[in-house]
Amino acid sequence: MKTKTNFPFFAVALAVYALVFLPWLLTRGCFGDGLMYASIAQQLEQGNGSLYQLFFSEHAYHNFYGHPPLGIWIMRAMMSFIGEGFWFERVFSLVTLTGTMTVMYLFWRRLAPDLSRDSFGLVMLLWILIPVNSWSYSNNMLENTLTFFCLVSLFIYWVSVEQRNILFSLVSGVFFCLAIMTKGPVALFVFPACIFIDVYHKSRWQSIMARSITSIIGCIATTLVFLWPSGATLYFDQYLTIQVLDAISSEIIGNRFSIFTFAFFELILIGCVYLIFKVLGLTDKWSRKSILMVLVFLMASVPIVLSTKQMRYYLVPSLPYLVLCISLLFQPILKVSFPRVKMVQFVSISLILFGIISMVVFKGQSSRDEMIIKDIMAIDQSLSGQTFIKWQGEPPPWNVVCYFSRYAGLVLSNDKKYPVQYWLTDKENPSFRCTESNTIDIDLGNWILCKK
């Protein structure tokens, strides 16, 4: 049987990804959490701290217990390979994106083996239609690495069921543990999802039990490796107390069910596409595969309501399964053979080249928070050799703290216990007055810098 081609989907998808990610790849600016993870990894790379002693600096924000450490360890390893440059966050995000797309492709080939390889282009296009995906993979979020490990674990388990090879279940358990060690309990959906994969394949209960136990053994064995080094027990005890239990039991920030509102607005584009094709009669009936994928999506997303902290990017690890589900429903389109139109090839290549040229042109520029970054670079040049700046007033904005740490190696804090020579305050709403004699003569847009 001749394989049908969906080359236009794949060509357009590559062009869209080039336009979305390449122009900003070598620019400055990142979401605060992504900067924080890179800053901690940078400290490790510079020999400050240890595997289970993660911190910004020795002067403030000393201990970090916000997440399991694996994601930051991986960043540190990548820094050893590619360097600590300002572009690290986006380059690392691109690496995790490549890994995620690769595993999604392998999953897609298992779900739709009769379709052409080019049909994965439609999967890529549907994925990029969800705004939080491109945002997360541009801002160095831990959800990126978590998504990769969850996908790998489920894919290997799928292979284990199809090939009836229990050793693959063991490897799946290892990656299940790696997912947990990246972002914690949010990865727990992988285990019930594995059971659903067994049910989909109509496995006997004896086989389900054997694979589940083997997967758990792989997970526990890997966990013991993480707990073996000195300091590990203390780190995870603090993490569970400060982050996990607090997230479940602390006062609700906003509405506990905000995640559903976030999901509605994030999925509105892909939902409209589905409804249009449904009305046109271009969608397939729901199959057992599509139902399985949507169930995995729900298992990965709905439990977020247990947390008092609700962020839209928490949805990212669940979205590949929803995209795979909808892509399966679009099989009538994908079963049509499209010719390799030269104009499509030409336009796609042109857009990819435009993305590459834009990356070179915008290198070193700021894609966000331009004034903050400009001010920090000026302060860094003026205060060479300093490590601590006192923020006068309320705690400084978190993204500003992260920028100071990442781009200047400076600690910005309002902690009173450290002796300092320099103070920083808002220019428009200063918390104290600097005299002309002790104001540092730097052209800053946001702040006033004073010397004691």
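The following dialogue discusses how to read several features of this predicted model.

Colleague: Which residue of strand 3 is the bridge partner of Lys390, and which residue stands opposite Lys451 of strand 4?

Modeller: Trp423 is the bridge partner of Lys390, while Tyr422 stands opposite Lys451.

Colleague: Why is strand 3 described as largely enclosed by the rest of the structure?

Modeller: A residue counts as buried when its relative accessible area is under 20%. Strand 3 spans residues 422-426, and four of its five residues are buried, so the strand is largely enclosed by the rest of the structure.

Colleague: Is Phe9 buried or exposed, and where does it lie?

Modeller: Phe9 belongs to helix 1 (residues 7-21). Its relative accessibility is 18%, so Phe9 counts as buried. The C-alpha atom of Phe9 is 8.9 Å from that of Val123, although the two residues are 114 apart along the chain.

Colleague: Which residues form the nonpolar patch on the surface?

Modeller: The patch consists of Ile166, Leu167, Leu170, Val171, Trp205, Met209, Ile213 and Ile217, which together have about 770 Å² of accessible area. Helix 8 (166-183) and helix 10 (205-227) are the elements that each give two or more residues to this patch. Leu167 lies in helix 8, and Leu167 is exposed because its relative accessible area is 57%.

How values were computed. Residues are numbered from 1 along each chain as its sequence is written. This is a predicted model: local features need pLDDT of at least 70, side-chain atom pairs count only at pLDDT 80 or more; totals for chains, interfaces and linings use all residues. Side-chain values use heavy atoms; hydrogens and water are left out. Buried means under 20% relative accessible area, exposed over 50%, partly exposed in between (1.4 Å probe, protein chains only). Two strands pair if DSSP finds at least two bridges between them. Patches are made of residues with over 30% relative accessible area and no salt bridge: like charges are joined within 9 Å, nonpolar side chains (Val, Leu, Ile, Met, Phe, Trp, Tyr) within 5 Å. Accessible areas come from the Shrake-Rupley method with a 1.4 Å probe; for residues, only the protein chains shown count as cover. A salt bridge is a side-chain nitrogen of Lys or Arg within 4 Å of a carboxyl oxygen of Asp or Glu.
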